[in-house]
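Visitor: I would like a close look at a single part of this model, with the criteria behind each term spelled out as we go.

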Amino acid sequence: MAKFENGDVVELKSGGPRMTVTYIREGGGITGTWFNPEGELRWSEFPPEALEKTSDAP
């Protein structure tokens, strides 16, 4: 399983917008934050197994 840190750029393995990791819950949940096409800030929690670092992330 990939190890994520705050500030990592990730996306769902199934596709979707690039997100920034903004919170890591003890026990596993990862909060991803992104802007939708209208420019509104959105966030949601995902299981780490559903995420991958983007190819352009360090």
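Which residues does L51 touch, not counting residues up to four places away in sequence?

Guide: This is a predicted model, in which local features need pLDDT of at least 70 and side-chain atom pairs count only at pLDDT 80 or more, while totals for chains, interfaces and linings use all residues. Residues are numbered from 1 along each chain as its sequence is written, and side-chain values use heavy atoms, with hydrogens and water left out.

With residues up to four places away in sequence set aside, L51 touches F4, V10, E11, L12, K13, M19, I30 and F46, where contact means heavy atoms within 4.5 Å. L51 also belongs to the largest nonpolar core, whose 8 residues are F4, V10, M19, V21, I30, W34, F46 and L51. Such a core is a set of buried Ala, Val, Leu, Ile, Met, Phe, Trp, Tyr and Cys residues joined through side-chain atoms within 4.5 Å; buried means under 20% relative accessible area, exposed over 50%, and partly exposed in between, with a 1.4 Å probe and protein chains only. In soluble globular proteins, nonpolar side chains tend to be buried together.

The elements that give two or more residues to this core are β2 and β3; strands (E, at least two residues) and helices (H or I, at least four) are DSSP runs, numbered from the N terminus. β2 and β3 pair in the antiparallel sense over 4 bridges, pairing being assigned if DSSP finds at least two bridges between two strands. Within that pairing, Y23 has T31 of β3 as its bridge partner, and the hairpin leaves 5 residues between the strands, with G27 in the turn at a positive phi of about 105 degrees. The loop between β1 (9-12) and β2 (19-24) holds G16, which is partly exposed at a relative accessible area of 48%; G16 and L51 lie 35 residues apart in sequence and 11 Å apart in space, C-alpha to C-alpha.
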